[in-house]
Protein chains: 4
Amino acid sequence: MKRIGVFTSGGDAPGMNACIRAVVRAAVYKGIEVYGIRRGYNGMIRGEIFKMESSSVSNIVQRGGTILKSARSKEFMTREGRQKAFEQLQNFGIEGLVAIGGNGSFTGAKLFFDEFGIPTVGAPGTIDNDLFGTDYTIGYDTAVNTALDAIDKIRDTADSHERVFFVEVMGRDSGYIAIPCAIGGGAEIVMIPETETTIPSIIEALRTGWNRSKTSSIVIIAEGEVEGGAMKVAAKVQEALPDMDARVTIIGHVQRGGAPTAFDRLLASRLGIACVEGLLDGHKSVMAGLINSKLVYTPFEETFTKRKLINPNFTKMVEVLSV
Amino acid sequence: MKRIGVFTSGGDAPGMNACIRAVVRAAVYKGIEVYGIRRGYNGMIRGEIFKMESSSVSNIVQRGGTILKSARSKEFMTREGRQKAFEQLQNFGIEGLVAIGGNGSFTGAKLFFDEFGIPTVGAPGTIDNDLFGTDYTIGYDTAVNTALDAIDKIRDTADSHERVFFVEVMGRDSGYIAIPCAIGGGAEIVMIPETETTIPSIIEALRTGWNRSKTSSIVIIAEGEVEGGAMKVAAKVQEALPDMDARVTIIGHVQRGGAPTAFDRLLASRLGIACVEGLLDGHKSVMAGLINSKLVYTPFEETFTKRKLINPNFTKMVEVLSV
Amino acid sequence: MKRIGVFTSGGDAPGMNACIRAVVRAAVYKGIEVYGIRRGYNGMIRGEIFKMESSSVSNIVQRGGTILKSARSKEFMTREGRQKAFEQLQNFGIEGLVAIGGNGSFTGAKLFFDEFGIPTVGAPGTIDNDLFGTDYTIGYDTAVNTALDAIDKIRDTADSHERVFFVEVMGRDSGYIAIPCAIGGGAEIVMIPETETTIPSIIEALRTGWNRSKTSSIVIIAEGEVEGGAMKVAAKVQEALPDMDARVTIIGHVQRGGAPTAFDRLLASRLGIACVEGLLDGHKSVMAGLINSKLVYTPFEETFTKRKLINPNFTKMVEVLSV
Amino acid sequence: MKRIGVFTSGGDAPGMNACIRAVVRAAVYKGIEVYGIRRGYNGMIRGEIFKMESSSVSNIVQRGGTILKSARSKEFMTREGRQKAFEQLQNFGIEGLVAIGGNGSFTGAKLFFDEFGIPTVGAPGTIDNDLFGTDYTIGYDTAVNTALDAIDKIRDTADSHERVFFVEVMGRDSGYIAIPCAIGGGAEIVMIPETETTIPSIIEALRTGWNRSKTSSIVIIAEGEVEGGAMKVAAKVQEALPDMDARVTIIGHVQRGGAPTAFDRLLASRLGIACVEGLLDGHKSVMAGLINSKLVYTPFEETFTKRKLINPNFTKMVEVLSV
C-alpha cells in the first residue's frame, strides 16, 4: 500500500484532530502518502481530496472539531454514490482508508469494502462511547469533563437557592456520559436508558433527602432515558411536588466541542497510529480500539451489533454516594 | 455604628462570596462587628443571623454561589414581614445593613429604611448588568466569559458540520450579555431587546453569508428578545430556509455559577469595602458602584428606575466584524 | 468493625476530597461510624480527630486539596510517635483506618499494623502515578491535564515567536506525567528518567526539525530526569546552539491543585468505597487499586517495592508524532 | 488611502488575533485593501507580505498567540533596515500601517513616519498594561485571569499543607498584574515595583498571620520588584523564619498564551476597528486606546514616556482584605 486517505464522518468529537494528526504523521513516518478527504463520504463522492504533509497537521492536536469537516451522507447509502466514491479514489490512487467516526461511518465502510474492495480501518470517534470493541471512544472523556464542569457551575446556584436541578446530558441510547456526571457531580439521582428509574422513585428519593435536610439536589438525566428528557421528567415530578423549586438545564452541543483532554489526545494518537499500521498489516473493515489498554481490531459489524454493557456497580455507587 | 449585618438576595451571581469577604474584612479592619444573615430577607425575618469573623470568609474569594445563600422573599414585601425583620435586627443589635443583590433587594431595603430607619448600602450583585449607577455589576464579567466559553465550543461543532447555531444567553430585559458574546464569539447576528432585528433581516444576513461561502453561522439571542427565545427564532427562520441545518442551544443556568473572574473579584472586593465605608459615613438607601472606575453612591430608587443604555456602537461592531 | 478513621497524608492530590467523601458516605451507608483525622499521622498523634457525618462531605467532590489537610510526620517514624497515635485511636474507639496517600503513608501504616494491630486500607492518592498495584493513582489525570493546559498556552507563544521551550513537569522518579504531556502537547522531544535521552540527541533532533522548517519546538522534561531539570538541560543545549531562542518554564505546584477531572473523581469515589469494604472484609495493610478496571487489593510493601513500568510504546509515539 | 498593512510586534499577547481580525474586517467593510505582514518589522524588511481577505481571519478570534507571528527586529533599528522596509511597502503599494504591539513597536513606527512618511496607528498589545493612553492593554485581562487561575490551584495545596507560597507573576516594571492577583487570589502580601515593601515588613506580616492562626499564606511578587524575584525574596524571608515551610512558583510564560477573555476580545475588536478608522481619518503616529470607555488617540511618544499610575487604593485593599 502506497497511498491512503483519511476522513471524519458522523457527529464530530473532540480528539478527531489529534487522530487525524496521528494518521498523517504515522503515514509519513512509514513512508506512505496520505490524502485528506473533506466532509466524509460526501467529499469522497465529490472528490474533495488533497495531499497532506506532516506540516498540514501542525498545531491541531489541541483543537476541537475536525479540520476535515464532517457530514452525514445520504448519497453514499446508495450504490451509485459508492460507485462514484470508488472512482474518485481510483483517480487519486488511494488504496486504503482511515475512517474516524461512529457506527454510521463503519456501516458504510463495510459495504464499500464488500463491493469495491477498498479496505478501511476505523477509529472510534464519538462522544457517546457506545461502540463495542473499545473501552473508550475518542471524545468521550472530554464530553464528560465538559458536562461535569457545567454541573459544577449549576451546583453553585442550586446550593445558593436550595433548588432541584434536572440536568440533561448527551449519550444517545446509553448512560455512559450520565454516570460519571452523576458520581463526579454529586448528583442525588441518575436516570439512564440501561436501568429503570421510575418517577415515583425519584419523588421518594427527593423527599428522603429533604427529610435529611438536604436543601438542594441535582438529577442527571441521559438524553436517551425512556421516561423522557429533563423537561418531561421535571414536569412529572413537579406535579407531585408542587412546592419544589425546580429548574431544567439541557447542556447540549457544548459537549461536542472544546480542546480534548489529555486522555482523549493520547487515545486518539494511539488509535490513529494503529489505523495506519492496521491498514499496512492487511486489516480490512475493522475498528482499532483499546480494551484493558491493549490494542484490539474488531470487525466493523461487531462494533455496532454487539452491545457494550455499562458497569452495574456504577448505578449502585450513585446510591451509596448520595446517602 | 458598632454592628452591621450582611446578606445576599435575589438571583445569585459569581463574586457574591468575594463581596461578602470584603464586607467582613473591612468591618473587622474598621473595628466594627459584622453578622451574616442567611437566605436574604427570609432569614432576616426568621433570625438566621450569626456572628462572622475574619476567618469565616477564608478561602471563599474564588467560589461561585453565595455562602450566605439567597432567596426571594414574599413575606418581606408585607409590612408584617418587615416588622418581624426589624425586631430580629434589634435583638441582635444590628444598626446597618449591606445588601448584595439586584433591584428587588434594593426596593425592599428602601422601604425598610423609610419605615424602620435601618440604613442599607447595597452592592450590585447580578449577572445581568442592568442596574443604573454602576458601569458593571458583580457577576456580569464572569457570566459573559462562561457564555463565551460555551460559544467557543459550539463553534467547533458548527464549523465541523457547517451548521447554523441559534444560541440563547441570559440577561433579562437587556442585551448586555449578548453583545460581548456576539463580538467575542464571532457571531454573524445578534438579537437584543434594545434594538429591532426582524426575522427577514436574519434570513437575509444568513443568505448573504452563504453567498460569500460562509458555511457555518452563529446567531446570539438575548433571552429578553421580543421576537422570542432561541427556539422560536430558529423555528421562524427554518420555515423560510428549509435546507438550513440548524441547531438550538440555551446556555442556561451555568451562566450563574463558577469561579468569578479577576475583574469580578476586584469589583466585588472594592464595592464590598465601599459598602462598609458608606454605612460608616452615614449613607442610607444607596448602592455603591463604579462609574469610569470612580466610586459613586446612587440612591436605590434611581438604580432601577433609570435605564442604563447599551453603547449603540456595539451593535454596529457586530455588523462590521461579520463582514 | 464499628468505627473507622480516615486521613490524608503526604503530598496532596486533586481527588483526595472526592475520596474522603466516598469513604464517609460508604461508612454511613454500611452503618458504621467514621472519624476524620486532621494533618495525617501528626494529627493522629495529637488527637485531632472528629466525628464525620454524611453532611460533613457535602459539596467537596469538586474541590482540590484536602479538607483533612496533609502533612509529613517525622514523629510517626518513631516507635514513641506510633505508640501515642495508637493510644489516641483507642481513646476514640477507632478500630480501622483508611489512609489516602502515597508510599510514605503506606510504609507507616504497615509498621503501625505490625506493631499495634490496627488495620489500614489505603487509597493511592498522588499525582505521580508511581505506585504498583493500580493502573492510575488519584490526582494523576488532573495533574496531566493541568500541565497540558499550560503547555497549550506556552505553544501559543512558542509558535508566535518561533522559540524553543524547555518545559519541566512533575512526576518524581517517573515519566508518567511527562509522556502524555509530550504526546498531547505536540512536543518534539521528551526526557524521562526511564529512558536515556542524551543532550547530543536533543541537539540533533532540534536541528533536524529546523531543516524541515519547523520554527518552534517544545521539549518536555520530567523533574526526575538524570540530565537535570529544564534549566540545566536548556543551558547545555544553548551552549551548542547559541542562536536558539530558548525559554524555560517550570510548571510547578499548580499541578497539585485544581478541581479534579471526571476520571479522578470516579476513581477516587470507587476506591474510597473499596477501602471501607476492604476494611469490613478483613483486609489489613493493603492498597485498593484498579488494574484493567478491576478492583485489586495489593499488600502495602508491594506498592512501593515493585516498579510499575511505563509502556515503551509511548516514547516511540513521541518520535512518530513529531515527524 | 486604498491599501494598508497590519502586523504584530514585540511580546505576543492574547487578543492579538482578535485585533488582527477586526483590522481586516474593518478594512473590508470600509472598502480598502489590507495586507498582512509576518514577523513584525523583520518581515516588513524581507517582504513577507500577503493579501488578506475577510475569510483569512475566520475562526481566530478565540486563539492565543498571533497568526502573523511576532519578532523583535534589530535591523529595523538601523536606518538601512527602515529604508528596506519602506521599499517593500512601496512595492506592495501600502500607504498606512496598523501596528499591534508595545513601546518598542511604537518607537519604531514613529521613527519610520518621521523619516519616510508612512503613517501608523497602533493598538496596545501587551499583557503588561504599562502603556500610557489607555486604561487597559490587549492581553492584560487574560494574563491576570491565567495567573489567578494558577494561584487558585496553588492555594489548594498551600492550604492543605499549611505552607507559605511565594508566587512570581509577570508585568515588567509595573505591578498591574500583581495587584489583581493579590486581591483576587486572597494573598496576604503583594510586592510591586511602585511601592516599597521591605523584607522585614513581610516577616512581620507573616508572623502576625500566624499569631492569628492563619496557617497558609500567599505572597505575590511582581517580576520587576526591586527586592528581587520570588526566589530571592523567599530565600531572604526563609533565613529569618527557618521553620517556615516555603515554596516558590514562577508562573511564567503561560501568562502570554491561551484564549483571550471576553474583555480582551471586545477591547481588541474595538481598537482594531479604531486603528483603521484612525488611519482613514488622517491620524499618524498615534495609539488608539480607551480611557473611561471612550476612544482616545495618543501620540506614540507619550505612550511610553508618560507613566500610567497604579491606583494607590489597590495596595491598601490588599492590606484590608488580609486582615
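**Exercise 1. The hairpin of strand 10 and strand 11 of chain D**

Determine which residue in the hairpin of strand 10 and strand 11 of chain D takes a positive phi.

*Solution.* Step 1: the hairpin has 2 residues between its strands. Strands here are DSSP runs (E, at least two residues), and helices are DSSP runs (H or I, at least four residues), both numbered from the N terminus. Step 2: D:Asn292 takes a positive phi near 50°. D:Ile291 has D:Lys294 in strand 11 as its bridge partner.

The model is predicted, with local features needing pLDDT of at least 70 and side-chain atom pairs pLDDT 80 or more, while totals for chains, interfaces and linings use all residues. Residues are numbered from 1 along each chain as its sequence is written, chains are lettered from A in the order in which they are written, and side-chain values use heavy atoms, without hydrogens and water.

**Exercise 2. The sheet of chain D**

State the strand order of the open sheet of chain D and explain which strands stand at its edges.

*Solution.* Step 1: the open sheet has 7 strands in the order 3-2-1-4-5-10-11, with mixed pairing; two strands pair if DSSP finds at least two bridges between them. Step 2: strand 3 (49–52) and strand 11 (294–299) each have a single partner strand, so one side of each lacks a neighbour in the sheet. Step 3: strand 1 (residues 3–8) and strand 2 (residues 33–37) run parallel and are joined by 4 bridges. In strand 2, D:Gly36 is the bridge partner of D:Val6.

**Exercise 3. The interface of chain A and chain C**

Describe the contact between chain A and chain C by its residues, buried area and salt bridges.

*Solution.* Step 1: 41 residues from chain A and 41 residues from chain C take part in the contact (heavy atoms within 4.5 Å). Step 2: the buried area is about 3,700 Å², of which carbon and sulfur atoms give 58%; this is the accessible area (1.4 Å probe) lost on putting the two parts together, summed over both. A:Tyr29, A:Leu321 and A:Val323 supply 18% of the area that chain A buries against chain C, more than any other three residues. Step 3: there are 2 salt bridges between chain A and chain C (side-chain nitrogen of Lys or Arg within 4 Å of a carboxyl oxygen of Asp or Glu). The side chains of A:Asp152 and C:Arg265 form a salt bridge at 2.7 Å, N to O. Step 4: the elements giving two or more residues to the side of chain A that touches chain C include helix 1 (16–30) and helix 5 (140–161) of chain A.
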